[in-house]
Amino acid sequence: MKKFAVLLLVAVAMLMPALASGSQETGPIVLTLSEVHAEGYPTTLADYEFARLVEERTEGRIQIDVYSGGTLYGEETGSIEALQIGDLAFARVSASPVASYVPALNVIQLPYLYRDGDHMWQVLNSEIGQDMLNEIESSGSGLVGLCYYDAGARNFYTTTPVTCAADMAGLKIRLQNNPMMVEMVQLLGGNGVTGIGPNDVYSAIQQGTIDGAENNWPTYESMGDYQVAPYFVLDGHTRVPEILLASKAVLDTLDPADVEIIKECAKETQAYEIEQWALREQSSEAKVTSEGVVVTELTPEQLQEFQDKMAPLYTEYGAGYEDLIAQIQNMGL
Ligand code: BDP
């Protein structure tokens with residue numbers, strides 16, 4: 001007993017200097033942010049801007065390291081699950097896979113919900129969008145929604161021409177990990193394929209595992225998918241905002257004042273990303289069309305066909321949110 005107490009004292013005495021010097025020389029808290037997009041992509045630029053602001057405002061107490069190109073997690077569901085258990089601090093993801101953890105998010109990404117980008121931003125910047133963001137945190141998902149970013153409109157692109165909704169029949173289309181999106185393609189008579197990260201879509205098309213996918217101009221261009229699936233139909237089925245997520249478990253370990261700074265900095269990067277987005281959307285469209293992509297524009301009747309076929313999603317995924325959907329649809333009218 002005596003011997004043990006002495007040993008304990010010795011151990012504590014040996015540890016003391018280490019602890020003391022550790023606290024004196026403590027460097028910044030280093031947090032990791034996962035991003036599937038490449039360097040220079042609008043969301044990646046916004047991630048770095050977020051990291052820069054946080055480092056500046058916390059006077060170097062918090063450093064955020066951005067890992068782009070899906071090097072940490074090739075699939076956003078992987079990063080979301082890492083956030084939930086506190087293995088990762090931040091992930092910039094699409095709202096689409098987040099809906100599997102926070103189902104209410106499907107409401108703000110229903111097909112043909114918004115008239116255009118301005119309408120979407122009006123909704124996201126209103127109480128509706130902010131309530132949705134808060135819902136992520138209060139849902140018990142272990143996730144914290146920091147802000148939204150723009151991701152334009154999503155369109156189908158394929159290895160064979162699609163000129164109307166009927167042409168989608170039988171096509172294998174890669175989708176984000178979201179059952180609502182899988183059903184959307186099924187309603188068109190196609191087969192939705194999930195489990196392929198955005199950086200692997202190109203090779204899946206090349207190998208014939210899928211006949212196409214769907215995305216916005218910048219991702220279509222940046223991932224190189226246009227080289228293997230050159231038919232792009234402007235059906236604009238969804239506008240799915242991006243979300244910058246944080247891990248609740250990680251935020252809980254920080255000084256609450258620093259958490260406030262993090263939240264404030266994230267919000268500030270939204271305008272920056274929207275600016276970068278507008279530029280990249282234009283340049284990506286110009287690039288792929290100059291490189292031989294066949295763009296199909298739809299007549300209002302043809303567009304209506306896509307819309308009609310997808311309408312059952314409103315009943316299924318909008319159940320319980322009828323008033324909210326009507327409020328969104330009427331906003332700005
Ligand atoms: C892009 C989003 C990205 C998604 C990707 C996808 O920016 O977050 O992961 O689509 O389809 O538009 O997986």
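E55 lies in helix 2 (residues 42-57), where helices (H or I, at least four residues) and strands (E, at least two) are DSSP runs numbered from the N terminus. With a relative accessibility of 37%, E55 is partly exposed; buried means under 20% relative accessible area, exposed over 50%, and partly exposed in between (1.4 Å probe, protein chains only). Residues up to four places away in sequence aside, E55 touches G60, I62 and Q63, contact being defined as heavy atoms within 4.5 Å. Its C-alpha is 12 Å from that of V259, although E55 and V259 stand 204 residues apart in sequence.

The model is predicted: local features need pLDDT of at least 70, side-chain atom pairs count only at pLDDT 80 or more, and totals for chains, interfaces and linings use all residues. Residues are numbered from 1 along each chain as its sequence is written, and side-chain values use heavy atoms, with hydrogens and water left out.

The average pLDDT, the predictor's confidence in each residue from 0 to 100, is 94 for the protein, and 92% of the residues score at least 70. Over residues 4-24, however, pLDDT stays under 50, and the model has zero contacts beyond four places in sequence for them. Where pLDDT is low, the predicted coordinates should not be read in detail.

S34, in strand 1 (residues 29-35), is buried, with a relative accessible area of 4%. Leaving out residues up to four places away in sequence, S34 touches Y67, L72, Y73, S79, L88, F90, A91 and R92.

An automatic or database domain assignment supplies the domain bounds. The protein is divided into domain 1 (28-151 + 240-280) and domain 2 (154-238 + 284-330). Their centres, taken over C-alpha atoms, are separated by 23 Å. Between them, 33 residues of domain 1 are in contact with 37 residues of domain 2.

A nonpolar core is a set of buried Ala, Val, Leu, Ile, Met, Phe, Trp, Tyr and Cys residues joined through side-chain atoms within 4.5 Å. The largest such core has 54 residues, and L105, F156, L245, F306 and I328 have the most contacts inside it. Helix 7 (residues 179-187) gives the most to this core, with five residues. Domain 1 and domain 2 each provide at least three of its residues. A second, separate core of 26 residues includes F90, C147, L244 and L251. Beyond its neighbours within four places in sequence, L105 is in contact with A95, V98, A99, M132, I136 and I243.

Spaces were identified on a 1 Å grid over the protein atoms alone: a cavity is a set of points where a 1.4 Å probe fits but cannot get out, a pocket is an open set with protein on both sides within 12 Å along at least five of seven lines, and lining residues have an atom within 4 Å of a point. Grid points are joined across faces, edges and corners, and a volume is the space filled by probe spheres set on the points. The structure holds two cavities of 30 Å³ or more.

| Space | Volume | Lining | Nearest its centre |
|---|---|---|---|
| Largest pocket | about 260 Å³ | 15 residues | Y112, L113, Y114, R115 and D116 |
| Largest cavity | about 210 Å³ | 20 residues | E76, S94, R174, Q176 and P198 |

Strand 9 (231-238) and helix 12 (300-310) each supply at least two residues of the pocket lining, and strand 9 gives the largest share, four residues. For the largest cavity, helix 3 (76-84) and strand 3 (90-94) each supply at least two lining residues.
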